[in-house]
Amino acid sequence: LGINEYNREETHESRRFIYTDDSCLSLCHFMLRNEFLHCEFYLRSSETKETLSYDMNFIKSLSRDVFSKLSELSDIKMCKIDLKIGSGHIINNQQM
């Protein structure tokens, strides 16, 4: 949409489809090369028992949406999702 430091709308060939934040999902990077969409995510932390499945479903849904949008502009044949989890934890509410 042109909401970047260059104030320009990127083409489907750009390497600049990247999102960073200080939230739990801290990086989303989408790279389209040679009919192949590579979706890379960094999940800074996730409470594995309660929220990890929701995080993974969101990542899958977001990748599908990007794939669909970029498919309008190119002939994508395949999508690969890489997910790195910095910290997975389980909250135990049991008293010792």
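Visitor: In this predicted model, how many residues lie between β2 and β3 in their hairpin, and which residue in the turn has a positive phi?
Guide: Strands β2 and β3 form a hairpin with 2 residues between them. In that turn, a positive phi of about 50° belongs to Asn34.

Visitor: In what sense do β2 and β3 pair, and over how many bridges?
Guide: Strand β3 covers residues 36–43. The pairing of β2 with β3 is antiparallel, over 8 bridges.

Visitor: Which residue in β2 is the bridge partner of Tyr19?
Guide: Strand β1, residues 17–20, runs antiparallel to β2 and is joined to it by 4 bridges. These two strands also form a hairpin, with 4 residues between them. The bridge partner of Tyr19 in β2 is Cys28.

Visitor: Is Phe30 buried or exposed?
Guide: Phe30 has a relative accessible area of 8%. Buried means under 20%, so Phe30 is buried. Its strand, β2 (residues 25–33), is mostly covered, and the number of its 9 residues that are buried is 7.

Visitor: How are the rings of Phe30 and Phe41 arranged?
Guide: The count of aromatic pairs comes to 1. The ring centres of Phe30 and Phe41 are 5.7 Å apart and the planes stand at 85°. Planes over 60 degrees apart count as edge-to-face, so this pair is edge-to-face.

Note on methods:
Residues numbered from 1 in each chain as written. Predicted model: local features only at pLDDT ≥ 70, side-chain atom pairs only at ≥ 80, totals over all residues. Heavy atoms only, no water. Buried < 20%, exposed > 50% of the residue type's maximum accessible area, 1.4 Å probe, protein only. Pairing = 2+ DSSP bridges. Phe/Tyr/Trp six-rings, centres within 6.5 Å; stacked < 30°, edge-to-face > 60°.
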